[in-house]
Amino acid sequence: MKCTDNRKLTRAQIQRLRRKRQRRRMFFLLLFLICFLVFAGYLFYYFVIRSHEISFDDPFQASAEVTGVLTTPESEGARAESFASNLCVTAGEVSVDGISLQYAEAGALMDLSEKNVLFANNVHERLYPASLTKIMTALVAMKYGNLDDVVTIDAAALDIDAESSVAYLELGDQYTLRQLLYGLLIASGNDAGNAIALHVGGSLDNFVAMMNQEALAIGATNTHFMNAHGLQDENHYTTAYDVYLMFQEAMKYDVFADAVSQKSYVVTYTAADTFQYERTWTSTSHYFTGEAEIPENVTIFGGKTGTTDEAGACLALLSKDTYGNSYFSVILRSSTKDDLYAEMNKLLSIIDN
């Protein structure tokens, strides 16, 4: 019997047994990890994914959690409103028997009480707005400026065509931003537009960027501005419909509603010599100056005029019928001011019919 040989064989067996045990341990460890991952995945599915699944048996059901309207005690019966739910909307032409614009490029009449477009002609055609631009100038100033700020008129504000419409501001004059809005909207002062833009925007270019941003925000996507006053620039344009969007947004501010309704306005300001003076700004609307006759059963609340050679004669107007219902009307690029008011009266005559 060879004891030495038996001892060597036993060592070899022991090594093989150790290797088997190690493989067995690795197998069970791997199996445990797989089972753990499967179990963790099941828990994730059950508590995270499955709990958020929605049945789409009726995908258009109003009470559906995702596709419908969430119902709470506070919102019972309520529905989400679209962007245009409180606007007069038209995709194109709206005609009225016997009414046409012979001397203007575009025009519209809207019933603001019923949110109806009563007349529309070329309302989405891009045209030059002239001083209707100042509706947006006022909107940006009211939204982002402090109306009680005191503004000192500098040379940059007065760098404008002296023959254009101005509020007769002078170097060193001091006005509040609120007062300048009246000069902008009543006297249609281009100098007031520049002064407002410089104060609120910090620079003319920055203020114009704010105007374009605000136009997009209110849906006036066919509008682009190059200045704050409306003097001619081929890249400065809007549409009759976009003027409506700007006007109705600006009317949310009391100072705008008051300014466009004034026939005249007396302002007290401080001049460069530190003395106070008064100046009177008079409306440019022929309805307010008595140069145009107002149709029967219609009350002119107010509006904004605009005129340049390229833009023609323009007018945005707010009026009311005998029952107090409000209407917005606008005409762009009329051949003359006389034609402008004659055809505006045509549109206003629809109100009484």
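Guide: Start with one term: a residue is buried when its relative accessible area is under 20%. Over 50% is exposed, and partly exposed lies in between. Keep in mind that this is a predicted model.

Visitor: OK. Is Glu-249 buried or exposed?

Guide: Glu-249 is buried, because its relative accessibility is 17% and the cut-off for buried is under 20%.

Visitor: What does Glu-249 form with Lys-252?

Guide: A salt bridge. The closest N and O atoms are 3.1 Å apart.

Visitor: And Lys-252, buried or exposed?

Guide: Exposed, with a relative accessible area of 57%.

Visitor: How many salt bridges does the structure hold?

Guide: Four. One of them joins Arg-178 to Asp-148, with the closest N and O atoms 3.5 Å apart.

Visitor: Where do Arg-178 and Asp-148 sit?

Guide: In distant parts of the chain, 30 residues apart. Arg-178 is in helix H3, residues 177-185. Asp-148 is in the loop between helix H2 (133-144) and strand E3 (150-152).

Visitor: Why does Arg-178 count as partly exposed?

Guide: Because its relative accessibility is 33%, and that falls between the 20% and 50% limits. Asp-148 is exposed, at 56%.

Visitor: New topic: rings. How many aromatic pairs does a search of the whole structure find?

Guide: The search finds 10. Among them is Tyr-265 with Trp-281, a stacked pair. Their centres are 6.3 Å apart, with 10° between the planes.

Visitor: Which strands hold Tyr-265 and Trp-281?

Guide: Tyr-265 is in strand E5, residues 264-270. Trp-281 is in strand E6, residues 276-282. The pair links distant parts of the chain, 16 residues apart.

Visitor: What about accessibility for Tyr-265?

Guide: Tyr-265 is at 21%, so it counts as partly exposed. Trp-281 is buried, at 2%.

Visitor: What kind of pair do Tyr-269 and Tyr-277 make?

Guide: A tilted one, because their planes are at 35°. Stacked needs planes under 30 degrees apart, and edge-to-face needs over 60. The ring centres are 6.2 Å apart.

Visitor: Is Tyr-269 buried or exposed?

Guide: Buried, with a relative accessible area of 7%. Tyr-277 is partly exposed, at 36%.

Visitor: Which residues form the aromatic cluster?

Guide: Tyr-175, Tyr-182, Tyr-265, Tyr-269, Tyr-277 and Trp-281 form one cluster.

Visitor: What lies over the face of Phe-301?

Guide: Lys-320 does, at 5.9 Å from the ring centre.

Visitor: Last one, the surface. Which residues form a nonpolar patch?

Guide: Met-26, Leu-29, Leu-30, Phe-32, Leu-33, Ile-34, Phe-36, Leu-37 and Val-38. Together they have about 970 Å² of accessible area.

Visitor: Where is Leu-29 placed?

Guide: In helix H1, residues 3-49. Leu-29 is partly exposed, with a relative accessible area of 46%.

Terms used:
Residues are numbered from 1 along each chain as its sequence is written. This is a predicted model: local features need pLDDT of at least 70, side-chain atom pairs count only at pLDDT 80 or more; totals for chains, interfaces and linings use all residues. Side-chain values use heavy atoms; hydrogens and water are left out. Rings of Phe, Tyr and Trp (its six-membered ring) pair if their centres lie within 6.5 Å; planes under 30 degrees apart count as stacked, over 60 as edge-to-face and the rest as tilted. Helices (H or I, at least four residues) and strands (E, at least two) are DSSP runs, numbered from the N terminus. Buried means under 20% relative accessible area, exposed over 50%, partly exposed in between (1.4 Å probe, protein chains only). A charge sits over a ring if NZ of Lys or CZ of Arg is within 6 Å of the ring centre and within 35 degrees of the ring normal. Patches are made of residues with over 30% relative accessible area and no salt bridge: like charges are joined within 9 Å, nonpolar side chains (Val, Leu, Ile, Met, Phe, Trp, Tyr) within 5 Å. Accessible areas come from the Shrake-Rupley method with a 1.4 Å probe; for residues, only the protein chains shown count as cover. A salt bridge is a side-chain nitrogen of Lys or Arg within 4 Å of a carboxyl oxygen of Asp or Glu.
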